[in-house]
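Please consult the sequence and the structure shown here while reading.

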Amino acid sequence: MITANTRLLGVFGNPVSQSLSPLIHNAAIARAGFDAVYLAFKTESANQATESIRAMGMAGANITIPFKVSIINSMDKLHVTARQIGAVNTIVNNKGILTGYNTDASGAIMALKQRTKIKGKHAVVLGAGGAARAVTYGLIQEGAMVTVANRTVSRAKALARHFSCDFVPLARAGSLAADILINTTSVGMGTNKAPIKLRHRYDVVFDIVYKPKTTELLRQAARKGAATIPGLDMLVYQAAESFRLWFGKEPDVRLMKAVAARHSQ
Ligand SMILES: NC(=O)c1ccc[n+]([C@@H]2O[C@H](COP(=O)([O-])OP(=O)(O)OC[C@H]3O[C@@H](n4cnc5c(N)ncnc54)[C@H](OP(=O)(O)O)[C@@H]3O)[C@@H](O)[C@H]2O)c1
């Protein structure tokens, strides 16, 4: 039921109509019995998003492509993880003070930890965008060695310098000997393309692309006998962490997973 006291939350991005976040969060909000609603807002700039959050007195928000980096400049406070990653995907509005958090890193690590130990493992991260920064940060915090591989080598080099790790061109990644491979490029989103051809048999392959649920990269990995992790797991775990930040309560993660899976094909 929407009331005069209903708390407003939402996701800001462009495009944003494909987002599964409203479905996931509204299901969890209803299950918890909170008087709150979560909507999607197409926005033209990071500033427009923060002005809207303030003007509408929103309790909080998620930020998605392409504003996760530029929104940093409009935050009143930054959580240390968001500062070190250089990107914000979650905002908490506490009486007009906007604090920026990054739950992508913990979401990715939570998804990986369901399947593998991370400490001491060698991980190859495909991509050097915002998601790659969050995943690389999380892996290093957990004690993994990371090699970053990207199409634009200068971006791989910059990311590797920031996190003091190795880098290679994307084309070399498929045959690099390592334990874990994680795709953070957008290749595969809504298509049946894979960012690389897998030659090495990785123990675990994680594709953070969540539409389709089973990507071409995960199909290749399964044929080679690797354990596979779909992007939906990260999507749900990062959403669950945002929910905890806004409501201070544990969401029904199983329900969030079921809703995401139902709408991801
Ligand atoms: N599952 C989740 O919870 C979750 C969370 C966050 C993001 N994501 C998904 O992760 C993907 C990346 O997000 P992002 O924020 O990091 O985006 P981004 O900052 O725009 O970075 C995109 C990355 O993809 C690479 N790329 C794009 N097209 C390519 C192509 N044709 N061939 C090779 N590489 C290509 C880019 O390489 P160049 O540097 O060479 O351009 C770059 O490394 C998106 O699909 C997003 O939806 C999922």
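Ala, Val, Leu, Ile, Met, Phe, Trp, Tyr, Cys and Pro count as nonpolar, Asp, Glu, Lys and Arg as charged, and the others, Gly among them, as polar. By this scheme, the shell around the ligand holds 13 nonpolar, eleven polar and three charged residues. The model is predicted: local features need pLDDT of at least 70, side-chain atom pairs count only at pLDDT 80 or more, and totals for chains, interfaces and linings use all residues. Residues are numbered from 1 along each chain as its sequence is written.

**The shell around the ligand**

- The ligand is surrounded by 27 residues, a residue being near if its C-beta atom, placed from the backbone, lies within 6 Å.
- The closest are Gly-129, Ala-131, Arg-151, Thr-152 and Thr-185.
- At least two residues of the shell come from each of α4 (104–113), α5 (130–141) and α8 (231–247); helices are DSSP runs (H or I, at least four residues), numbered from the N terminus.
- With four residues, α8 gives the largest share of the shell.
- Domain 1 (7–102 + 233–262) and domain 2 (106–229) each contribute at least three residues to the shell, with bounds from an automatic or database domain assignment.

**The packing of α4 and α5**

- The axes of α4 and α5 lie 8 Å apart, at an angle of about 60 degrees; axes are lines fitted to C-alpha atoms over the stretch in contact, and angles run from 0 to 180 degrees between N-to-C directions.
- α4 is therefore oblique to α5, as angles under 35 degrees count as roughly parallel, over 145 as roughly antiparallel, 65 to 115 as roughly perpendicular and the rest as oblique.
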